[in-house]
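Student: Could you walk me through this model, starting with how the helices are described?
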Amino acid sequence: MPLLELQNLSITFVETKTGSLKPTIFDVSLEIACGEILALVGESGSGKSLTTLAIGGLLPQNARVGGKITFAGVPLLNLGEKEMQKIRGKCIAYIFQEPMACLNPMRTIGFQICECIRIHNSRLPRRKVRQAAVRTLERLHFKNPEEILRARAHQLSGGMQQRVGIAMAICNHPQLLIADEPTTALDSISERIVLDLLLELQRTDGFAMLLIAHNLRIVREMAQRVAIMRRGCVVEFGKTFDIFTNPNREYTKELLGTFSF
Ligand SMILES: Nc1ncnc2c1ncn2[C@@H]1O[C@H](COP(=O)(O)OP(=O)(O)OP(=O)(O)O)[C@@H](O)[C@H]1O
Ligand SMILES: [Mg+2]
């Protein structure tokens, strides 16, 4: 059984003023096995982020979702927001392009990581929560976790902020990590550090990863399978090696052709 299965996923936006419909995602079918890294690749606006937001029930109110999303055998589209909250951040976690999007500038890093842990472990004593936060930061190779816990986001570099974002995503040991362009906002050295960390954590914790990346070198290095998206559809889905060495679709050839390895 796949860990996550999307069957004929469709997303249509309802224009709030006019009521007109804007179909955006069409008939997307995908699956991720436990512990697998699947990359979603496609030009800007092809629907990668929307597809991943649909999985966590994070689409705006005016989005209508069709098809089926099944996670660990549970059909997610039937769940209410309360039930979804138990899954989001616990079984399915996100990392976004801009770490500041998930960090509150007014709160310390410690408060925010502890909050993530507390939400899903309400009976854990404060001291244990703090210890878990320290341990998580150590896993992200922070040498001074106590100092980081006391800091606020603006005191950290972009690479450090993204490592904190990853800490918040993995602190509850998710089965699926969704990373939407996790290194696009970083310089190349920070990018390498963050990618190596993600691979290390993925190997030790064994979570599956849905990775969106524009850099095809990263995709080829990290993913076991690749889905190519275009205009709201998956146009090709297969093993990374096959897609890179012998793409079936003209569009995939074009996309790979624009990239020099
Ligand atoms: N709230 C919304 N209402 C209407 N249309 C939307 C909304 N959000 C996204 N879209 C449209 O859906 C399409 C897909 O957007 P999406 O953000 O998934 O693209 P993407 O593949 O992630 O692109 P990028 O690589 O630039 O991040 C775009 O055409 C976008 O304009
Ligand atoms: Mg996007």
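Tutor: A crossing is left-handed if the near helix is turned anticlockwise from the far one by less than a right angle, and right-handed if clockwise. Helices (H or I, at least four residues) and strands (E, at least two) are DSSP runs, numbered from the N terminus. This is a predicted model, in which local features need pLDDT of at least 70, side-chain atom pairs count only at pLDDT 80 or more, and totals for chains, interfaces and linings use all residues. Residues are numbered from 1 along each chain as its sequence is written, and chains are lettered from A and ligands numbered from 1 in the order in which they are written.

Student: Which hand does the crossing of H3 and H4 have?
Tutor: The crossing of H3 with H4 is right-handed.

Student: And at what angle do the axes of H3 and H4 cross?
Tutor: The axes of H3 (residues 109-120) and H4 (residues 126-139) cross at roughly 110° and come within 9 Å, taking axes as lines fitted to C-alpha atoms over the stretch in contact, with angles from 0 to 180 degrees between N-to-C directions.

Student: How are S1 and S2 joined?
Tutor: S1 (residues 4-14) and S2 (residues 21-32) run antiparallel and are joined by 8 bridges, where pairing takes at least two DSSP bridges; Leu4 has Ile32 in S2 as its bridge partner.
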